[in-house]
Amino acid sequence: ESTEEAAVANAGRAKPHWQPKGEHPDWWPSSLLPSELSSKPSGEMRGTMTHRYFALVNLEALKRGATPQSELERMVAERLIAEEEAALIRMEQVDAFFADGIGQRILANHARVRRELPFVARFDAGELFPDASDPKHPLILQGVIDLYFEQETSSGTVGVIVDFKTDRTDDTPERFDELERAYSPQLALYAEGLARSLGRRV
């Protein structure tokens, strides 16, 4: 396997390939070990549980008036998330997310939302690696999208990718610019890969 092939194969993060729908089982396996929960929470642990929340939250219920906190309580009651895990989620940030911007767009299009969406797309090596020895060598990109939805615009139906990040910020423009530069290449690659997979503008 060439370096180019390995780089593309690893472009998608390892994530569970499940889509919450219908009735949940009585017990949902925890992603955190008891020893991890008893230690000081890390940013990675908070990120893991925040991602789980967004994967499990009932968007239709939120649209009808349920609160993000009530949805968290439902998850705990249904044993989808343990109480110790729920405590790691910063709900004030979740509240702010759904109160404005992209969160409101997600709720408005909740019937067209797909979560943990896997995709596979073909690229020529030269599209991803400008200095590739064989620019036409075929490469396969695999990835999993946190959340995807479609919405109608004046120019037709477009797809929107949402990739949840829980990086620490100091709320300064410089920090947000730094994060945008860090994650924009990944999102652009995911958008192009998903567009080719679905045959739709993303």
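Biologist: What share of the contacts in the chain with a separation of 6 or more comes from residues 24 or more positions apart?
Modeller: The model is predicted. In it, such residues account for 64% of those contacts.

Biologist: How many helices and strands does the chain have?
Modeller: There are 10 helices and three strands. From the N terminus on, the order is α-α-α-α-α-α-α-α-β-α-β-β-α.

Biologist: At what angle do helix 7 and helix 8 pack?
Modeller: The angle is about 65°, and the axes lie 5 Å apart. That makes helix 7 roughly perpendicular to helix 8.

Biologist: Which residues make that contact?
Modeller: Helix 7 contributes Phe97, Phe98 and Ala99, while helix 8 contributes Ile102, Gly103, Gln104, Ile106 and Leu107. By class, six residues are nonpolar, two are polar and none is charged.

Biologist: Turning to salt bridges, how many does the structure hold?
Modeller: It holds 10. One of them pairs Arg112 with Glu150, with the closest N and O atoms 3.5 Å apart. Arg112 is in the loop between helix 8 and strand 1, and Glu150 is in strand 2, so the pair ties together parts 38 residues apart in sequence.

Biologist: Is Glu150 buried or exposed?
Modeller: Glu150 counts as buried, at 16% relative accessibility. Arg112 is partly exposed, with a relative accessible area of 31%.

Biologist: And what separates the closest N and O atoms of Lys136 and Asp124?
Modeller: They are 3.9 Å apart in that salt bridge. Lys136 is exposed, with a relative accessible area of 62%, whereas Asp124 is buried, at 17%.

Notes. Residues numbered from 1 in each chain as written. Predicted model: local features only at pLDDT ≥ 70, side-chain atom pairs only at ≥ 80, totals over all residues. Heavy atoms only, no water. Axes fitted to C-alpha atoms, helices over the stretch in contact; angles between N-to-C directions. Helix = DSSP H or I, 4+ residues; strand = E, 2+ residues; numbered from the N terminus. Parallel < 35°, antiparallel > 145°, perpendicular 65-115°, else oblique. Contact = heavy atoms within 4.5 Å. Nonpolar A, V, L, I, M, F, W, Y, C, P; charged D, E, K, R; others polar. Salt bridge = Lys/Arg side-chain N within 4 Å of Asp/Glu carboxyl O. Buried < 20%, exposed > 50% of the residue type's maximum accessible area, 1.4 Å probe, protein only.
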